[in-house]
Amino acid sequence: MKVIDYDYLIVGAGMVGMSIAYQLKNINPNNKICILEKESSVGLHSSGRNSGVIHAGIYYEPESLKAKLCTNGARRLKDWCKENKINVLECGKVITPQTKELDFQLDVLLERGQRNGAEVEIIEQKKFNKLVPNGRTSTGRALWSPKTSVVSSIEVVKTLFNKLKSVGVEFLFNSKPIKFNHNDQSLNIRNSLNNEKFTLSFGHVFNCAGLQADKIGRLFGIGNSFKLIPFKGTYWKLKAKHHISFETNLYPVPDLNMPFLGVHVTPSIDGNIYLGPTAIPAFGSENYYGFNGIEPISALNNIGIMMNQWFRNKNNFRTYSSQQATLGLKSYFFQSAKLLIPNLKMDDLLPCKKVGIRPQLFNKKNGELCNDFYLENTSCSTHVLNSISPAFTASFAFADYVINFGLN
């Protein structure tokens, strides 16, 4: 079996994995790096399917990794996009309380945002109406984040891919690790197209496999206490000639006990206005459409975990999950969206193919959903087991953290 030697192997050609490669090349241009990707190209999963929102750093618990990395990461990503002539829509974001009971959360978010280094302010009805004339605030107050931006996530991913190729980073597509050999520090790889097997030796592995990170981790004996649960995020878009328009993001006040932000309004680089996403259990890490990608055994395990969460009902999980489950139906989605956009009509919503799956890490030991980035090391590998939002936003800052975590 042919053996090829690299300084670094990176599993997963998503935004996190490629950002790590980019930073490793900046550290030492002579680093020999190979990125393994089980698909035929980049951007087919989370990194190329997300909303493209560059977050400002508002939501996250101060001192969490998300809080520490988001603001710096957002600035660096925007600068990088501009350097590479990628259009950045500097549209900002308004966060509005859907009910009067949620108004106090604006003050919580204001404090968090300020502590995390984000530029945020409380606005009253007059400024709200100017920013989002078609939106609604239940109390006449809202939170304004002028630095929130939007990019085309797939354009970012593809541009980064081309930059890496130009500096000598190698990509092996349709390739998946099947065994870790501890004695000679190598990985056995299988090519899914021709079933060819080969071996790659390495100095260090970075597991950035996203939806598959827990499975890759188990090859190294890592992450046995964790499982990634996929949640499907579907979107609707406003029809082309609609009677309402948005020039900024409009988000609801989220349930801060849950790792999801709720249905929101996002203007895009392509000119469309999207509403979403949902957060519905997907029953398969790649179950984007219909029944394609359902994993029966994994789905049964996930159902068991969800039922456990349901009965424990910590942080009101029962009510939240019930609400999310109904959002797969247009009528319920419409009612949720009307809390933000009172003049929305049912026929304003058009189905679209924009759909993503968010991997959410579950800790089997304590029965908790992990709400922060989470990594584990072995002597020769680093595993990014939870790279949820804002991993895309924080990518370059997150890459620095992962490298330091793994190599120092």
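Trainee: How many bridges join strand S9 to strand S10, and do they run parallel or antiparallel?

Mentor: Strand S9 (residues 175-181) and strand S10 (residues 186-191) run antiparallel and are joined by 6 bridges, where two strands pair if DSSP finds at least two bridges between them. Helices (H or I, at least four residues) and strands (E, at least two) are DSSP runs, numbered from the N terminus. Bear in mind that this is a predicted model, in which local features need pLDDT of at least 70 and side-chain atom pairs count only at pLDDT 80 or more, while totals for chains, interfaces and linings use all residues. Residues are numbered from 1 along each chain as its sequence is written, and side-chain values use heavy atoms, with hydrogens and water left out.

Trainee: Which residue in S10 does Pro177 stand opposite?

Mentor: Pro177 stands opposite Ile189.

Trainee: And what about Gln185 in that hairpin?

Mentor: The hairpin has 4 residues between the strands, and Gln185 takes a positive phi near 50° there. Gln185 is partly exposed, with a relative accessible area of 26%; buried means under 20% relative accessible area, exposed over 50%, and partly exposed in between, with a 1.4 Å probe and protein chains only.

Trainee: Where is Lys85, and what is its phi?

Mentor: Lys85 is found in the loop between H3 and strand S4 (93-96), and has a positive phi of about 60° although it is not a glycine. Lys85 counts as exposed, at 76% relative accessibility. Most residues other than glycine have a negative phi, and most peptide bonds are trans.

Trainee: On peptide bonds, which residues does a cis one join?

Mentor: A cis peptide bond joins Gly276 and Pro277, with omega about -5°, and Pro277 lies in the loop between strand S15 (273-276) and S16. A cis peptide bond also joins Ser389 and Pro390, with omega about 15°, and Pro390 has its place in the loop between strand S20 (381-386) and H11.

Trainee: Switching to helices, at what angle do H3 and H6 pack?

Mentor: Helix H3 (residues 65-83) and helix H6 (residues 153-166) pack at about 70°, with their axes 11 Å apart. That makes H3 roughly perpendicular to H6, since angles under 35 degrees count as roughly parallel, over 145 as roughly antiparallel, 65 to 115 as roughly perpendicular and the rest as oblique. Axes here are lines fitted to C-alpha atoms, for helices over the stretch in contact, and angles run from 0 to 180 degrees between N-to-C directions.

Trainee: Which residues meet there?

Mentor: Leu77, Trp80 and Cys81 in H3 meet Val156, Thr159, Leu160 and Lys163 in H6, contact being heavy atoms within 4.5 Å.

Trainee: How many aromatic pairs are there?

Mentor: The count comes to 15 aromatic pairs, where rings of Phe, Tyr and Trp (its six-membered ring) pair if their centres lie within 6.5 Å, and planes under 30 degrees apart count as stacked, over 60 as edge-to-face and the rest as tilted. Tyr22 and Phe396 form a tilted pair, 5.4 Å centre to centre with 50° between the planes. Tyr22 lies in helix H1 (residues 15-27) and Phe396 in helix H11 (residues 391-407), so the pair ties together parts that are 374 residues apart in sequence.

Trainee: Are those two buried or exposed?

Mentor: Tyr22 and Phe396 are both buried, and ring pairs link Tyr22, Trp80 and Phe396 into a cluster.
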